[in-house]
Every structure is written in structure tokens, then in C-alpha cells.
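Here is my note on the model you sent.

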Amino acid sequence: MDKMYGAWGKLLRVDLTAKIVTTEDIPEILFKRYLGGNTLALYYLLQEQKAGIDPLSPEANLIFMTSFVTGTPGPGLSRISIVGKSPLTGGYGETEAGGWWGPELKFAGYEGIIITGKSEDPVYLSIKDGVAEIKSAKHLWGEKLKESDNAIKEELGDPKTRIALIGESGEKMSSYACVINELKHANGRLGMGAVMGSKNLKAIAVRGTVQKLPLYNEERVKTIVRDLIKEWKEIPNTFPKYGTMRGVRATQEVGVFPTYNFRHGVFDDFENLAETTYMETILKKTGTCYRCPISCKRVVEIDDGKYKVDPAYGGSEYETTMAFGSCCGVNDLKPVSVAHQLCQQSGMDTISAGVTIAWVMECFENGLISKDQLEGLEMKFGNSENMLILLEKMCTMEGVGAILAKGFKNSIAHFGEETAKYAIHVKNSAFPAHDPRGKAGLALAYALPSAGPDHMEVQHDHVLATEGGAALYEAIGINEPLPATDLSPKKVRNFFVNQSLYNGFNAIGICDFCVRPNGPFTISSIGEYMQAVTGWESVNLWNLIKIGEKHSTMSRIFNLREGLTVKDDTLPERMFTPLEGGGPCAGFFIDKETFDKAIRTYYAINLWDEEGVPTETCLYQNELDWLIGEF
Amino acid sequence: MKITVRGEPEFGLPKDFEEVELQESTIESVMEHFNVDPKIRKHLFPIVNNKMGKLSQELQEGDKIILQSPYSGG
């Protein structure tokens, strides 16, 4: 194979049943066609995994993938995609996380790992400088993340080892179990931790000490990075100071801060959860990811007798603060922080867990779930003490917690169909922390993605509603600001190109926050940067968008093969009814007819038919003709 | 005309609502008044009288304005 720049072109295959590890080449053409990350992983998944398999069976593949820019010097090139079939949705499972694990996998000599089979006993995988070994993890099964992380580092004799882990939640296969690296960077949402647990794989430890990633034009790479950071620092920006916690005040102010299980869009006690309170009361320091100048991560420490929070697990961010705060009617950052820690220790998705508990609270207050059914817990909104008890049951998969940790559909089947109207999910995955009744583009970002509702699917409506925000996307044809609640064909078209761009971000593994308006990269500079790293003319902004489009169709096909249909591209009924409470969006709702038209417009733009099935033209257009007749 | 304004202190805007007197009835003049950096003016989103607004909208006496940099993501 010819020398590549930015990538080794190496894939590690791990068969846990046979306990065999092998290395194979990733041909250059695959990087050019799929870039890496989510899209290259999905290519392998579609090629190699049969439709209809149980995602928790040995036949299921679990794929970790980076790209040719992961671990290179640019800001935010730290993301690792994990892809497989989701035990939560039954469809395409994709999740991204930052940290250091992705770059370290590259330094260890690989772009990706495909795991198949199932080990008889718990094991972990160690990859150091191109050598992979399967080691026993019997002694780690049942341990919390911190203890496991420490033990593996000690065993391997290298404290700089980066470890992606599952906890009890993954071991016991909660449908929304995460894989967490460095105790605080979560590949969350869709149960990839459960897939890992089903294989008896506790952790993957990576370390590279020898090889330096070759860059095609190192000087050019350095110049691009230096200039971007210099220019970025000259623009006022509060993101480094507050991180995602700025979201509490900002979403409250525009009235889309999900409160009381998405009944309201403002929370009267929001100041108790806001960034300033966070900084004054619980913040120990900020944290960051590989080569990121923003440092948006938070590190919290609490020890006040009632609440104890270990800084090793980082700190709650905006989404978690909504999920266990306003959504559950809890007005205190300390129990929110404990909830965050419980989830991190056991590797459970915070959004899913918090929004599930908010659903329990609403059902309880409406007499649809009883105290007896909740093992004696009174689950009224605002009861933080019982929220934490119930969450602990979910994290350990005990009693009623085991039912709730298997997702809404499972919980509705247990508690009764009448509880379904309060379940705020799409494709069985809970809503993130932005009410789409005031951000209409997010209605599409929640209804349409193959991997379920995603707050990182596109740039949000209020940013694109400003002249400056829209101008950031001029290079991809977004030429004018549109109102946040607009759901016209023009908005759908903007959503389509923006989604394609964001899919492209996940293909190269760049953090969305490292792109303007929050971070140093402009969207045009990403193309220049990729070319400087690889020397390939074909990797540019156009290519990024085209591969993002390709990803939407590939993941759609995955879902069609698994039996998902147009009926799954919807929203919970609540979104079609007026938002209660106060704030700028009070009374707003999504018009059903406009929404249905927007969905059909999106299908048409993608060259999918009325039922959301990709046409043959679409497959040819996206260089996916190898999928003709496959779904 | 008199209006009240608040926003992000890091951009020069008052943290709590503050009354200001303006010669012109534009949001641009509010930003001018507080010396908001021109680099970010077009990125700010106005909420006027508890309703989503536009940078181009004309202000009225007594309006209550929040100017924020909109939030996106998780």
C-alpha cells in the first residue's frame, strides 16, 4: 500500500469468540469515499452485518472508527465514532465522544477496530504500539468506572494509557448504556455500551509511544492552526468561560428549556441551575479534550455532608442539567451533579435516564404509575431525593430500575399504554434539551435521523436566525437568516445541507464546538486543513458535504433493512400541542400538516421516495450502487 | 426613547436590566450605546418584550430587550 498521510490505513479486527486479533489495511479509496468516523464505520457495518440480527448477540459488530485527521494538530480532532445496531432503537446506532482515546488509538497504530463475537468470560483489549492483546477482566466485572480505569492502568504499568470502559449499566445491558473514555467522555445515547457488555468486553485500553503521524505538509498544517486560533481569539466568545452550561440561560431566555417533562419551555428556578451558580458553587476547574483551546468540559467537586461528587468524573453539562434539573423540576445543581456521577460510574446515558425519570414523574402525578409500582417511591416533580434513588436502581438494573433502563417502549409495555402520551421520544430514544416547538429545525433533527433525536445533528435555528450565524454557512449555500420557528421548504433545504455538513464532521471526527461560532475552524478552513494533512485534492468542503449526504442515505438503508419505516420519522404528540407556561415560545406548537410536508420535502431533496426509501437515482448519485437490491 | 436592556456582560451588555436612553429606535443603536464589539453584533439574537425578535426590528418606547448569543448543541 502507498504511504498515506494523517492515517496508517490500519484496521484491527477482534474476534472475541475465537480470541483472535488480526490487522488489515484500509484502502486509500475507502477514506476518499467515506472519509472515516461514522461513515467508514457504517460502510463496514452494511457490508458485514446481516440484517435482523439481535444487537446483543455475538453476531453483532461493534465498530470504533477515527479518520485521517484524528490526532493531528488541529483543534477538536479528537472524536471517536462508535457504530453498531442499537439495542434501544433497533436501528442504526452511532455515537461520538471527544477526549483523548481517539487520538491515542491513532498513535497506537490504528484508525479503527471491528469487534465481533463474544468472549466466554469478561475481558479487556489492550492495544499498545501496534500490538493488541485480549486480557482477562473477570476481576473488573461489576466495578465502577474509576476503579476499573485505575486497575487497568496499574496492570499495564502505564498511567498514560487511555481507556474506554463500560460500567454496570453496560454489563447488564441497559438499552442506553454508554462507552466512556477517561471517566468523563461519553459515547452515549444508543446503547453501544450494552453491545460491548453483551460481548463480555469491559474495556479497550490504547497507548502509542513510538510512531508520529505523518503529515503531507506539516508547515501548512501548523500555519492553518496558528492563524485560525489567532483569529478566533480576537472574537468575543463566552463558550470557553462557561462551556455548555451557558445553554441553561440561553435556552431559558428564548423559551425552549425543557421543563417538567417538556410541558414548559421555561423553568422558574433556572438561575439555580445556570452557569453563574455553577461557577460560584460547584465548579472546581475546567477540563478539555486533545488539543482543544476551548476547554468546555467542567470538573465538579462537592463534599458537603449530604452530597459527595468526585471530580474524577468531570461534571454535568447542559444536557444533563436539563435532564435531571428542569425536566424533573429539580432546582439544585448538587443532586443534578450526583445524578451525573451515578450515570458516569455505571456508564449510563444521562439524557435518556433523566428524561425517563421525568416521564415517570408526570405519569405518577397523573395517577398512571403508582407508588407501589415504584417500590414505595413518591415520584413527584422536584423530588430530587427520590430521583436519585430511582436513578440508582436504573444504573444497577435492580427492580423497577431494570425496566426503565430498557427504554420507553419496554417501560410503556410494563406500565400501560396510557402512559405513552407522556413519553418524549422518537424511535425509543429520549429528546435532548431543546424544545423543538421554538426551534423548528430541531423538529427535523429529532424526527429524521436514523440514529434518533440528536441535538448535534445540525446548527440550531437561533444561530441561523441571525445574520452573522447564517453567514458562517454561506460557503454551503445558506444565504439568509430564517426565523427559528420557520419550517418552510427553504428551512428544510438549509437543514439538509447543514445536516450533511454535520454528518461530514462526524466522518472526520471534528468536534462541532471547534467550528465557528464557538471554535476556531471556519467551515472552509476544514477543507484546506484536510488537504494539508493528506495531500489529497479530493478532500474538501464539497466532499465533506457529499459524504454527509451519503451517510444519511446509508444509515437510512440500514434502518430500512431493520424494519424501521416512514412511521418512525415522527414526533411525540406533545410537540403538536401548545407549549405551556411562560416565555417567548409559550403557546407555540408544531403544525402537523407543515411538519408532514417538511418530512416529504426532506425525502425528495435526498432523492428518496414518498415512503422515505432511497431511489436508484439516489444510490447512483451517492456512489452507493453497491446497495441496489440490498434493502 | 427609553428602553431597558440586558445581555452578556462579556460583550459589554449589562447583566441585569438597565434603562438606557437612545436617539434611534434600532437594536444597532443599543449595541452602539454599549460598545458591543462589531465582530459579534450580527451574531446576537434579540428577545424583545419576551418574544423572539429580529436585529432589524424597530424599537418602541419602554421595550424590554435581551441580547444573547444563541446557544446550540449539548
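1. Two strands are said to pair if DSSP finds at least two bridges between them. This is a predicted model, and the pairings below are to be read with that in mind.

2. In chain A, strand 7 (residues 123-128) and strand 8 are joined by six bridges. The two strands run antiparallel. One of the residue pairs involved is Leu125(A), whose bridge partner in strand 8 of chain A is Ile134(A).

3. Which strands make up the sheet in chain A, and in what order? The order is 8-7-12-9-10-11, six strands in an open sheet with mixed pairing. Its edge strands are strand 8 (131-136) and strand 11 (185-187) of chain A, each of which pairs on one side only. On average, neighbouring strands of this sheet are turned by 20° against each other, with direction ignored. As a reminder, strands of a sheet pair through backbone hydrogen bonds, either parallel or antiparallel.

4. Chain B has five strands and two helices. Along the sequence they follow the pattern β-β-α-α-β-β-β. The radius of gyration of chain B is 11 Å, close to the 11 Å that the globule rule gives for 74 residues, so chain B is as compact as a globular protein of that length. Taken along the principal axes, its C-alpha atoms fill a box of roughly 40 × 25 × 20 Å.

5. How much of chain B is buried? Buried residues are 39% of the 74 residues in chain B. Of the contacts in chain B with a separation of 6 or more, 45% are between residues 24 or more positions apart.

Methods: Residues numbered from 1 in each chain as written. Chains lettered and ligands numbered in written order. Predicted model: local features only at pLDDT ≥ 70, side-chain atom pairs only at ≥ 80, totals over all residues. Helix = DSSP H or I, 4+ residues; strand = E, 2+ residues; numbered from the N terminus. Rg over C-alpha atoms; globule rule 2.2 N^0.38 Å. Buried ≥ 20, exposed ≤ 12 C-beta atoms within 10 Å, placed from the backbone. Contact = placed C-beta atoms within 7 Å. Axes fitted to C-alpha atoms, helices over the stretch in contact; angles between N-to-C directions.
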